[in-house]
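These are my notebook entries on a single chain. I began with the overall fold and then turned to single residues.

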Amino acid sequence: TLRIDKKSYLVIFILYILYGISYSLLIPALPALALQITQGNSAQSSIVYGFASFIRYSLEFFSSPVLGSLADAKGRKSVLLLAYLVNAFEFMLLALFPSITMIFLSRAMSGLFDAGIATSYAIVTDIALFNNDNVSQQYALLGAMTGVAFTVGPYFGGILSQSNLNLSFCLASLSALL
């Protein structure tokens, strides 16, 4: 019988950790950018960042079912590729054109096209079920990858945010492109 190679797990795990790192690099960088743009006004910076986050998660709430259906209809790889490319573009926009408008635009793009995590889990589920593997064990490995990404990303994002904020966004874009 046809079996999907176990190397498929390795590929999706590497892609998943790079995706997680690209997002987690922004944890310290986006608030720092908002603070820089508002010229150190922490109250205004908090409003900008909070509203941008609201936009992102509101759009994600409505777009996730659409992206899930699209992944079922057109294939998971194409949706995963779309998510990575949009994120790379979004992060590069923040590096090249840092402004309040770009923060809102990038957060909106992220909300509309963030399908990397859900699609990665769907791909791992497909591989595991196809190979009669333990799905929960593969989920645990994805969870471990999340832990690594959310340890490494904010650490380096914080260091880069203190020295060169644009470099944080460039590195996040490069990570998403890889």
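I read the elements along the sequence and noted the pattern α-α-α-α-α-α-α-α. My tally for the chain is eight helices and zero strands, where helices are DSSP runs of H or I with at least four residues, strands are runs of E with at least two, and numbering starts from the N terminus. I looked up the radius of gyration, taken over C-alpha atoms; it is 17 Å, close to the 16 Å that the globule rule gives for 178 residues, so the chain is as compact as a globular protein of that length. That rule is 2.2 Å times the number of residues to the power 0.38.

I recorded that the model is predicted: local features need pLDDT of at least 70, side-chain atom pairs count only at pLDDT 80 or more, and totals for chains, interfaces and linings use all residues. Residues are numbered from 1 along each chain as its sequence is written, and side-chain values use heavy atoms, without hydrogens and water.

Next I checked burial: 43% of the 178 residues count as buried (under 20% relative accessible area; exposed is over 50%, partly exposed lies in between; 1.4 Å probe, protein chains only).

I then looked up two loop residues. Gln39 sits in the loop between α2 (26-37) and α3 (42-74). Its phi is near 55°, a positive value in a residue other than glycine. Gln39 counts as exposed because its relative accessibility is 75%.

Asn132 belongs to the loop between α6 (116-130) and α7 (135-163). I noted a phi near 55° for Asn132, again positive in a residue other than glycine. With 68% relative accessibility, Asn132 counts as exposed.
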